[in-house]
Amino acid sequence: MEDSLSSIIKQEIDTIKIPESKLNTAIENAIKKGHKMPRTFGKKILYYSTAAVILFTIFIGSGFFSPAMADVVSKLPYLNQLFQRTNETNKFVPFISSFDLQKAGYNITNVSVRYHPKKEVWVFVGGTKQYYNKVKTDVEQFTIDKLQSIGMDALKVNVVYDDDNRRQPQETKEDKEYIRQSEDLQKAIMEELKLQNYGILSANVRINQTEKFIPLEVLVTENRVTEMKKIINDIINKKKLGKFTIEVNKIDPENQTREQRWSPIFSTLATGMMGRKEYQVISFGYSMESSAILLNFKVSINSKDPGAHRLGEKIKGEVNKFIHSDMIGKTVQNDPYKIVVLSKDNKEIN
Amino acid sequence: MSVHEDKIKKAKKGNKKAFQDLMEGEKYKLFRIAYLYVKNENDALDIVQETIYKAFISIRNLKEVNYFSTWLSKILINTAIDFIRKDKKNVVVPIDKLEVTLIKNEQQIEDRLDLLKEIEKLDEHYKTVLILRYYKDLSVKQIAEILNCPEGTVKTNIHRAVNKLRLEITKECL
């Protein structure tokens, strides 16, 4: 029994996918950092470069919430307030940005939002510690007011002092050289393949301490893979860069443009539906795999809870209302899509 | 002396290559265990990086060559738990426009098997004993050393963790 449990657990845990190259880079960085450090003890170790499961940085400034617009805003359906269409272009409008706060006269370095494990907005105050203490309450109130003005009530506001603790480390000379080499090789490959009329979309060369890697994105109709690899290898040899791994990915441009035009919609749906308590949405996912785009909302209640079906329908209704509103272009509206609301126990409830 | 032990000795003396080789053998387990705690790739990578960094600067203090794997697990688990606690009250770092990829990742997580989710959901102390006992195959005594607690407590926690897991799985099946 013990043995079988042990082997089941091992099998399960081993299904966790390994991001091989990222892992190698992390190990390499750790050793590099350790090598440089004088060997002292009890030194405070700082974390950097962290991304939560879903974490948006909000950086687009906009006058969308100016008083003059207030009237218009209040008449819009909930989700449409997070969305803008100008000159035939759809855009996701964040509900608050550092720009909004800066315009109000505060020294704000950044604003972030995350939804896991809790729904939170983080506002980072720059300047001195005294300044932070002085404006903290006001900044908090300002942010809360903004959120309330559009009906987002699920996010807790945290105002913190930005003390540079978690900034990315500086690029080293070595890193810069790698970047230069990567860009140089990338340019050469793209130019040559385009010149010879291959269906090449991108070649994002990666050169660093641990890998020499070229992921190619080619048109789904392009079948001359061997020939392309030969051309690339010739370029590499000429530049004397050593041995590279080349990976070929076929891309359907149709699917890609579809994903692009839906991208602001996805952002709006994720932000809006997770940002309001009544919808109880804990995560949003989408899939472009099948002909109909799948919009997947997961909620925090169980399928057997009273009102589960009603919640499912409510979410579906709000999403449909948004997608069918005049704001959104016809091209998007003509794409077939399917909404699935999943309960906590993974049952469809709409 | 085995090759493995030899490498640990060399690494203890500051041999970078030997240390790298040792990490090569441990990296998948390190990543997967970290993942079980934080449930996302980026944080798990951070924890592995931090763990290896800590291990690299302190390996010379490792007393017993045989304890290498246990010692490394201890660093990893402490780093992971520390990370979760910090992360709860601490700061987030900006990333631009990553939402789409991240949302996709989440979709993949949803698709994964139930047992794994149940392990992820366990309280930290149950999760820790379960991983150490059944994934790292450590003995109760070794686990007690890592966690600085009596063997009896470890046994009880393993027992409860397994029961919880079974309970959760049965609940899901109903």
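The model is predicted, so local features need pLDDT of at least 70 and side-chain atom pairs count only at pLDDT 80 or more, while totals for chains, interfaces and linings use all residues. Residues are numbered from 1 along each chain as its sequence is written, chains are lettered from A and ligands numbered from 1 in written order, and side-chain values use heavy atoms, without hydrogens and water.

**The sheet in chain A**

Three strands form an open sheet in the order S11-S12-S13 (chain A), with mixed pairing; strands (E, at least two residues) and helices (H or I, at least four) are DSSP runs numbered from the N terminus, and two strands pair if DSSP finds at least two bridges between them. Strands S11 (281-287) and S13 (337-342) of chain A stand at the edges with a single partner strand each, so one side of each lacks a neighbour in the sheet. Strand S12 (residues 293-299) of chain A pairs with S13(A) in the parallel sense over six bridges, and A:Phe297 has A:Val341 in S13(A) as its bridge partner.

| Helix of chain A | Residues | Angle and strand |
|---|---|---|
| H8(A) | 253-275 | about 170° with S11(A) |
| H9(A) | 308-323 | about 150° to S13(A) |

**The helix pair in chain B**

The axes of H2 (residues 16-38) and H7 (residues 124-135) of chain B come within 11 Å and cross at roughly 155°, which makes H2(B) roughly antiparallel to H7(B) (angles over 145 degrees count as such).

Notes. Contact = heavy atoms within 4.5 Å. Axes fitted to C-alpha atoms, helices over the stretch in contact; angles between N-to-C directions. Parallel < 35°, antiparallel > 145°, perpendicular 65-115°, else oblique.
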